[in-house]
Amino acid sequence: MILYAPMEEPIFAPSLLSSDFSDLRSSVGAIEAAGGDWVHLDVMDGRFVPNLTFGPKMVSDLRPRTGLPMDVHLMTVEPERLVAAFAGAGADYITFHAEACVHAHRLAEDIRSLGAKPGIAIVPSTPASLIAELLPFVDLVLVMTVDPGFGGQSLIPACLDKCSALARARAERGLSFLISVDGGINAETIRAASAAWADVLVMGSAFFSAADQAAALREARATFKAARTGQGGPAPARPH
Ligand code: DX5
Ligand code: ZN
């Protein structure tokens, strides 16, 4: 018997990468005021990706400014050297790249023991099968739908097939990680992300360039739900 669970609310995670770095406090406030669910923080080291952003101090300084979960996306080499600092800074989710870490199982367990939720990310050229063994040990899988490093790029549609495959694996194996899509999510691509069973929608440029950010999120939420309704198939489980 196939059970169809009621649709879960999508999680919108606006990314500070596209905001004004001279006023991140206001940017976090804008995410909250517009009805964002999480704050997405892109940590770039100039090595794993050709761009640099910020470190754990930025996270700890912003932590008291919002009650929203802080979703840290490490685009760094040697993420194992950084997770304690980000957990100590108050990150709720700490996601590292499979391509940057050999002992991913150990790192996921370390993140959990530090009191944060571990996530694993894959770039567009990495198959979902690479992380099959890790799925029971993470709370989030972040599927990059652009090559990481910059905001404002166009979504690569083929990457969404990995979300559907992960949702199938999740249902078949009775797992409960969230599926996050990151890169090129906007009013046009949200429908396809919903149909691919994404749970978390990272949104950088589409959020911060919107004239009315609350309206942009409201409309994205409505589009997501409309695309999911009638989709059928096994409902992905959610952690609670
Ligand atoms: C890109 C980052 C993204 C970025 C997405 O490497 O991981 O989180 O902020 O930006 P948009 O939504 O503009 O593609
Ligand atoms: Zn990101």
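## Terms and basis

Contact means heavy atoms within 4.5 Å. Helices (H or I, at least four residues) and strands (E, at least two) are DSSP runs, numbered from the N terminus.

This is a predicted model, in which local features need pLDDT of at least 70 and side-chain atom pairs count only at pLDDT 80 or more, while totals for chains, interfaces and linings use all residues. Residues are numbered from 1 along each chain as its sequence is written, chains are lettered from A and ligands numbered from 1 in the order written, and side-chain values use heavy atoms, without hydrogens and water.

## Helix 1

Helix 1 spans residues 24-33, and its residues Leu24, Ser27, Val28 and Ile31 are buried (under 20% relative accessible area with a 1.4 Å probe, protein chains only; exposed is over 50%, partly exposed in between). These residues cover an arc of only 100° around the axis, so they lie on the same side of helix 1 (the arc is taken from directions from the helix axis to the C-beta atoms).

Among the elements covering the buried residues of helix 1 are strand 1 (11-14), strand 2 (39-44), helix 2 (56-62) and helix 7 (205-208). On the face turned away from the buried side, helix 1 carries the exposed residues Arg25 and Ala33. Glycine 35, with a positive phi near 90°, follows helix 1.
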